[in-house]
Amino acid sequence: MFPSRIPLAIKRFIQSDLRRCKNDVSDSFSIAKYGREKSPRAWTVPSEEAREARRLQGLIELLREQISAQTNYFHALQQEDLKDDAQKLCKASIAKMKVAIADAEDRFKSIVSRFWKDDVERISSIPGVGKMSACKLIAKVEDFNRFENSRQFMSWLGMTPRNMQSGTSIHVNGGITKMGDGRLRTQFYMCAVSAIQSNGRCRAMYERMVSKGKPVKVALVAVACKLLKTAYALVTKKQMYNANFLQFAP
């Protein structure tokens with residue numbers, strides 16, 4: 001169990017006890033009971049560099065949300081066909097936030113590239129994965145070696161398929177679990193869209209799945225998984241991307 005999943009696990013653990021009350025005393029007892037029975041992995045404090053990068057990333061996401069809200073409001077003001085102060089101030093505010101986002105993105109990439117330069121170069125060497133996407137993945141994960149294998153890494157990201165089976169009557173292969181960082185999944189979904197244009201192996205995989213009748217979105221998610229597994233392999237094995245790797249493998 002990864003530390004980031006423990007709050008949800010504790011919530012389900014308490015529900016399984018069918019408790020009829022909720023207060024600080026009962027919650028403390030349940031948390032202690034969970035720790036004694038499950039022995040979860042201890043949480044490791046992220047480095048100061050990783051925390052700073054995540055704070056900048058959070059600021060960027062907040063500013064993007066505010067720009068979206070103010071842009072919608074600006075369009076509503078334009079419907080009135082009036083050139084008043086509200087429109088001018090709203091437009092100026094959007095322009096300032098765009099400048100702030102550009103500055104925050106530069107600082108974010110600078111921090112990640114300074115402390116994880118080799119990892120950024122390895123991940124961004126994958127056709128379809130840009131430097132910003134590589135930086136976001138590194139800032140979120142920081143230490144790729146804390147995962148025992150790529151399957152554990154993909155499970156942490158919420159990219160593993162959900163399977164529901166019971167006897168012979170129920171057997172459903174659902175979508176991905178989505179238990180990880182949603183924004184990071186979205187980022188690499190967009191990388192997959194780029195990869196099917198610039199990455200030969202990803203394009204071949206995508207076309208093969210679509211030709212077999214798989215929905216486009218399912219094929220793109222599979223490509224995103226391939227990109228993330230490749231990124232994990234490159235960082236943990238300290239290698240650059242090689243499109244012909246299998247050709248030279250023993």
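Contact here means heavy atoms within 4.5 Å. This is a predicted model, in which local features need pLDDT of at least 70, side-chain atom pairs count only at pLDDT 80 or more, and totals for chains, interfaces and linings use all residues. Numbering runs from 1 along each chain as its sequence is written, and side-chain values use heavy atoms, with hydrogens and water left out.

**Whole chain.** Color by secondary structure. The protein has 11 helices and two strands. Helices (H or I, at least four residues) and strands (E, at least two) are DSSP runs, numbered from the N terminus. Along the sequence the pattern is α-α-α-α-α-α-α-β-β-α-α-α-α. The radius of gyration is 22 Å, well over the 18 Å that the globule rule gives for 250 residues, so the protein is more spread out than a compact globule. That radius is taken over C-alpha atoms, and the rule is 2.2 Å times the number of residues to the power 0.38. Along the principal axes, the C-alpha atoms fill a box of roughly 65 × 60 × 45 Å.

**Surface.** Switch to a surface view. The accessible surface comes to about 15,800 Å², and 54% of it belongs to carbon and sulfur atoms. Areas come from the Shrake-Rupley method with a 1.4 Å probe; for residues, only the protein chains shown count as cover. Buried residues make up 34% of the 250. Buried means under 20% relative accessible area, exposed over 50%, and partly exposed in between (1.4 Å probe, protein chains only).

**Salt bridges.** The whole structure holds 10 salt bridges. Each is a side-chain nitrogen of Lys or Arg within 4 Å of a carboxyl oxygen of Asp or Glu.

Select Lys22 and Asp27. Their side chains form a salt bridge at 2.7 Å, N to O. Asp27 counts as buried at 18% relative accessibility, whereas Lys22 is exposed at 68%.

Next, select Arg183 and Glu65. The closest N and O atoms of this salt bridge are 3.1 Å apart. The pair links distant parts of the chain: Arg183 sits in helix H8 (residues 182–198) and Glu65 in helix H3 (residues 48–78), 118 residues apart. Arg183 is partly exposed at 46%, and Glu65 is partly exposed at 46%.

Move to Asp119 and Arg122. Their salt bridge brings N and O atoms to 2.9 Å. Both residues lie in helix H5 (residues 117–124), three residues apart, about one turn of the helix. An α-helix has 3.6 residues a turn, so residues three or four places apart point the same way. Asp119 and Arg122 are both buried.

Stay on Arg122. Its relative accessibility is 12%. Not counting residues up to four places away in sequence, Arg122 touches Leu234, Val235, Lys238, Gln239 and Met240.

**Helix H6.** Finish with residues 131–141. How many of the 11 residues in helix H6 are buried? Eight are, and the helix is mostly covered. Show the side chains of Met132, Ser133, Ala134, Cys135, Leu137, Ile138, Ala139 and Val141, the buried residues of H6. These residues pack against H3, helix H4 (85–115), H5, helix H7 (150–157), H8 and helix H10 (216–237).
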